[in-house]
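Please look through the sequence and the structure shown below before reading on. The briefing that follows goes from the whole chain to its core, its ligand shell and a few loop residues.

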Amino acid sequence: MQTMAGSEDQKFSLQEVLDTFKLCLSENKEVYLEQYVAGWRGLVKFLNSLGSVFGFISKDAVSKIQILVSYMKGENASHYATVQSMVKYELDNNLVDVNKKGSHPESGCRTLLRLHRALRWLELFLDRLRTSTEDSKTSALCAEAYNESLAQHHPWMIRKAAGMAFLVLPGRQTFFEVMNVGPPEQVVAKLGEALPLISEVYQITEDLYAQHNLLDLP
Ligand SMILES: CCCCCCCC/C=C\CCCCCCCC(=O)N[C@@H](COP(=O)(O)O)[C@H](O)/C=C/CCCCCCCCCCCCC
């Protein structure tokens, strides 16, 4: 497993992200937090390679990763092995601000929820990339995926800033090259492999959060 330090500087590999999401689920379909966070670290590498325009997004993702890592390494680390154990521990011990921000503004549950919502964006975006054609615009694919998911949870200012950043996304060909997988057909095949894994992790988390009424945590 990679360490947090310095990992964002290394080269992005879609295969590596795929591997971490493969390792995310236990036999009984619990979501391992260490692998979940490792998957996000890999994605942040990609985002960082796109330039400073995406810095505000990367910074937010890194800060959420760091909050989760601090719980995973803290005195109650054993409760932060899986998303399921984290939810149980934080709810049983009243460590989650459920209706409005109070004494636990950075609970693991609310922090993971932000990344979970972003995972839905990723799922939609990757599916669009997979089915795109040579002349498709990544900025449009990204904006569509964003509007269908994360945008619904963001205020106007963030939506505006995100929309501006999408406009400078590199074209489809460059995008595919940065994934370090090989020719476009292989990228498409690899995306087809990655998507069901990401979808399953997303759905398991979504169901868990719905079951505990955690989908709107402030
Ligand atoms: C497989 C390779 C291709 C895809 C690679 C994608 C790489 C993407 C890497 C990271 C995605 C960023 C995840 C952003 C998490 C955002 C969490 C969030 O919603 N935070 C907001 C709410 O937090 P609280 O205030 O409640 O604590 C926060 O306000 C957000 C601030 C930053 C703006 C977030 C905009 C998100 C746009 C997502 C699209 C990223 C575009 C990447 C382009 C490839």
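## Briefing on the chain

Of the 218 residues of the chain, 32% count as buried. The model described here is a predicted one, and its secondary structure comes to nine helices and zero strands.

**Overall shape**

- From the N terminus on, the elements run α-α-α-α-α-α-α-α-α.
- The C-alpha atoms of the chain fill a box of roughly 50 × 40 × 30 Å when the box is taken along the principal axes.
- For 218 residues, a compact globule would have a radius of gyration near 17 Å, and because the chain has 17 Å, its value agrees with that expectation.

**Annotated domain**

- An unreviewed UniProt entry carries the annotation "domain: Glycolipid transfer protein", which according to that record covers residues 32–180.
- In the model, the end C-alpha atoms of residues 32–180 lie 26 Å apart, and the span is 66% helix and 0% strand.

**The largest nonpolar core**

- In soluble globular proteins, nonpolar side chains tend to be buried together.
- The largest nonpolar core in this model has 49 residues, and the members that touch the most other members are Phe-21, Leu-33, Val-37, Trp-40, Val-83 and Ala-194.
- At least two residues of this core are supplied by each of α1 (14–22), α2 (33–48), α3 (55–73), α4 (83–92), α5 (108–130), α6 (138–148), α7 (156–167) and α9 (184–211).
- The largest share of this core, nine residues, comes from α5.
- Leaving aside its neighbours within four places in sequence, Leu-33 is in contact with Leu-68, Met-72, Tyr-80, Ala-81, Thr-82, Val-83 and Met-86.

**The shell around the ligand**

- There are 21 residues around the ligand, and those that come nearest are Leu-43, Leu-47, Asp-60, Arg-114 and Ala-118.
- The helices α1, α2, α3, α5, α6 and α7 each supply at least two residues of this shell.
- By residue class, the shell divides into 18 nonpolar residues, no polar ones and three charged ones.

**Residues in the loop between α1 and α2**

- Ser-26 has its place in the loop between α1 and α2, and Ser-26 counts as partly exposed because 13 other C-beta atoms lie within 10 Å, whereas a buried residue would need 20 or more and an exposed one 12 or fewer.
- Not counting residues up to four places away in sequence, Ser-26 touches Tyr-32 and Thr-82; Ser-26 and Thr-82 are 56 residues apart in sequence, yet their C-alpha atoms are 9.0 Å apart in space.
- Lys-29 also has its place in the loop between α1 and α2, and with 14 C-beta neighbours inside 10 Å, Lys-29 is therefore counted as partly exposed.

- Most residues other than glycine have a negative phi.
- The place of Asn-180 is in the loop between α8 (172–178) and α9, and Asn-180 is partly exposed because 15 other C-beta atoms lie within 10 Å.

Methods
Residues are numbered from 1 along each chain as its sequence is written. This is a predicted model: local features need pLDDT of at least 70, side-chain atom pairs count only at pLDDT 80 or more; totals for chains, interfaces and linings use all residues. A nonpolar core is a set of buried Ala, Val, Leu, Ile, Met, Phe, Trp, Tyr and Cys residues joined through C-beta atoms within 7 Å. Helices (H or I, at least four residues) and strands (E, at least two) are DSSP runs, numbered from the N terminus. Two residues are in contact if their C-beta atoms, placed from the backbone, lie within 7 Å. UniProt positions are given in the numbering used here, feature names are shortened, and annotations may be inferred rather than shown by experiment. A residue is near a molecule or strand if its C-beta atom, placed from the backbone, lies within 6 Å of it. Ala, Val, Leu, Ile, Met, Phe, Trp, Tyr, Cys and Pro count as nonpolar, Asp, Glu, Lys and Arg as charged, and the others, Gly among them, as polar. The radius of gyration is taken over C-alpha atoms; the globule rule is 2.2 Å times the number of residues to the power 0.38.
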